[in-house]
Amino acid sequence: MTDDARRPGRVSAGAERDAGGRAVGDDLAPVIPLFGSRAPAPETSRDRAATSTSPRDEATGWSRPGAAFDDPVDAESPDEIRDRAEAVLLRKLRGHSLSLAEARTALGGIDGVDDSVIEDVVTKFVDLGYLDDEAFAEQLAMSAIERRGQGRRAVAQTLRKRGISREVADAAIAELPDDDAERALEFARSKARNVGGKDYDASLRRLAGQLARRGYSSSISLEAARQALAEAGIRRAPFSRPAASAAVRFTPDD
């Protein structure tokens, strides 16, 4: 027997052949291609479409499927930004009144709104009567004295915190009734029994301090506290002197 007869894949001369004329060996294994020698599959039309329509990410080099079909987001026009700002401010005004300064702050927190849009919207709302610092200051001042029993000093602080200008605030406070002494006494009377105790000086100091914190001047606070305690029957014991540490101290009046 020759060497060719022993080699795999070789057919001896005496081997049988099948109907198609191909040699058939009794003990020969089929020849299998190794290490990827198989020919690549043909590219289909679907593969070509996916490759051509999927843009590649510049950073990674990978395709982003479906990215080519995303609709672009249109930028807002100046009119649309202004309309959106007006809608936001209108919703806030429906909840509570705002000063001009508070309105500008609210508009400044909206995306895409710049200084020109802020001034345009504020001017429009002032013309429509939606923003009015003078009327708003009068409303705040009256509420402070009627509902909370505050003095003029506290009213001025409230207006300043709401962004009201000094000129407008002074005008609103000037329109308030000149009855701080009466309102301070009314408040002191409502609190006299609660602060009363064995130590008259401590009660006087506590009550006068409450009045001062509500915005009343030092002289009005001290006088109202003394009168309210006297009406409540709370007086200093006879022949006693106020202790040095019990003295009531106030800041000078404005």
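Guide: Accessible areas come from the Shrake-Rupley method with a 1.4 Å probe, and for residues only the protein chains shown count as cover. On that basis the protein exposes about 18200 Å², with carbon and sulfur atoms supplying 50% of this area. This is a predicted model, in which local features need pLDDT of at least 70 and side-chain atom pairs count only at pLDDT 80 or more, while totals for chains, interfaces and linings use all residues. Residues are numbered from 1 along each chain as its sequence is written, and side-chain values use heavy atoms, leaving out hydrogens and water.

Visitor: What is the average pLDDT of the protein?

Guide: The average is 76, where pLDDT is the predictor's confidence in each residue, from 0 to 100; 63% of the residues score at least 70. Over residues 24–28 the pLDDT is below 50. Where pLDDT is low, the predicted coordinates should not be read in detail.

Visitor: Why is Glu86 called buried?

Guide: Buried means under 20% relative accessible area (exposed is over 50%, partly exposed in between; 1.4 Å probe, protein chains only). Glu86 has a relative accessible area of 14%, and is therefore buried. Of the 254 residues of the protein, 29% count as buried.

Visitor: What makes the pairing of the Glu86 and Lys124 side chains a polar contact?

Guide: A polar contact is a pair of N or O atoms within 3.5 Å; within protein, one must be able to donate a hydrogen and the other to accept it, and residues adjacent in sequence count only if both atoms are side-chain atoms. The side chains of Glu86 and Lys124 are joined at 3.2 Å, so the pair meets the distance limit.

Technical notes: Contact = heavy atoms within 4.5 Å.
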